[in-house]
Amino acid sequence: MKKVFLPLLMVSVLAFIPYVGVHYAGLGYLFGVVLPYLAMAVLLGGFLFRMVDWLRRPVPFCIPTTCGQEKSLDWIQQDKLESPSSFLYAAARVLTEVLFFRSLFRNTKAKMHKGPTLAYGSSKWLWLGGLGFHWSLLVIVLRHSRFFLVMVPDSLQLLDEADRFFDITLPAFYLTDALVLATVTFLVLRRLRDSKMQVISLPADFFPLFLIIAIIIAGISMRYVTKVDVMPVKALMLNLVNFGFEPPGEIGTLFYVHLFLVCMLAIYFPFSKLMHSGAIFLSPTRNQCNNSRAKRHSNPWNSAIKFRTYSEYEDDYREKMKKAKLPVDKQ
Ligand code: HEM
């Protein structure tokens, strides 16, 4: 199981670096100021570069994945979302994919039964786990805005309060902390327990999962166990978002582990499968309209076709055609 242990070892080593760097070598400035700037520059530059690179690629064919009746005769009802014929519905389709993982909802599993008979069944767990994981991560990241903004908007305040609905610990327990841990554990176990998944999984599948787990564990430990003082954290982040270079105040080492792992995630992001977050918007199977009968999709790879119309042909051969008693359009 080298492909599991290698990423696990890498994440453990990464978590150890800031611990030694800050606790023993006093490199708080490097880990608290220099590295976050560097990581943000790589994330933004890398993300933009990859998106522009994809945007510039030609789209040779009209290949939307469709699942419903396409627009045809007026008296046949079109499925506007499954088989969009306009930009608006294609955009709505992409959006429902991004927000609700629509196509993953139809995920099926194939199983051999006695006979032998191959049977396909519904498989919703991955959809549910994936959705829970992404939504809870989003809520956690949105909640973190309290470290970056002087005044937190009411909407984010409300989100924070809703997440603290089960007010059973001190500090208040966040529902998304439990949800993200449960779902990310499910996503790792899914790859480990299923023999087919084990074969197709790569270290690049485990590494981001382990990295995210480490970030979450460091965050949760900070909040519920070591109870980090958030005031110097907020001061540092406000300094960074205002492009300042003030040294960080007195913050526990665990915070630097959390921040360093987030920086590693940011640097890794543009070069990894995590780019699916941007790529989904550019996927031709999702963002194209299914209107190939109404509109010609020209392939940008095709060289320009030199063609001759019938009237040009007739102009050239009219006299010969008349002599051969062939019918002509113009006399
Ligand atoms: C991918 C990005 C990040 C993820 C997934 C993440 C995740 C988490 C989680 C799960 C917690 C536990 C408590 C909670 O849910 O609020 C937490 C706490 C915390 N995180 Fe993050 N974090 C991220 C980025 C950051 C960044 C950039 C900072 C820098 C300010 C940060 C600072 C903190 C602090 C100070 C806490 C303790 C909060 C408290 O005591 O209330 N995190 N983080």
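**One asparagine, then the ligand**

I start with a side-chain pair: N290 and S83 are joined by a polar contact of 2.8 Å between their side chains. Keep in mind that this is a predicted model.

Where does N290 sit? It is in the loop between helix 12, residues 284-287, and helix 13, residues 310-323. Is N290 buried or exposed? Its relative accessibility is 11%, and the cut-off for buried is under 20%, so N290 counts as buried. As for what N290 touches, leaving out residues up to four places away in sequence, the list is P64, T66, E70, S83 and P84.

Now the ligand. Which residues come nearest to it? Of the 22 residues around it, they are H144, R146, D177, R223 and H258. For three of these I have distances to side-chain N or O atoms. In H144, such an atom is 2.7 Å from a nitrogen atom of the ligand. In R146, one is 2.7 Å from an oxygen atom of the ligand. In D177, one is 2.5 Å from a ligand oxygen.

The elements giving two or more residues to this shell are helix 4 (125-143), helix 8 (203-226), helix 9 (230-241) and helix 10 (253-268). Helix 8 gives the most, with 6 residues. By class, the shell has 15 nonpolar, 3 polar and 4 charged residues.

That is what I have. Questions are welcome.

Terms used
Residues numbered from 1 in each chain as written. Predicted model: local features only at pLDDT ≥ 70, side-chain atom pairs only at ≥ 80, totals over all residues. Heavy atoms only, no water. Helix = DSSP H or I, 4+ residues; strand = E, 2+ residues; numbered from the N terminus. Buried < 20%, exposed > 50% of the residue type's maximum accessible area, 1.4 Å probe, protein only. Polar contact = N/O pair within 3.5 Å; in protein donor to acceptor, adjacent residues only side chain to side chain. Contact = heavy atoms within 4.5 Å. Near = heavy atom within 4 Å. Nonpolar A, V, L, I, M, F, W, Y, C, P; charged D, E, K, R; others polar.
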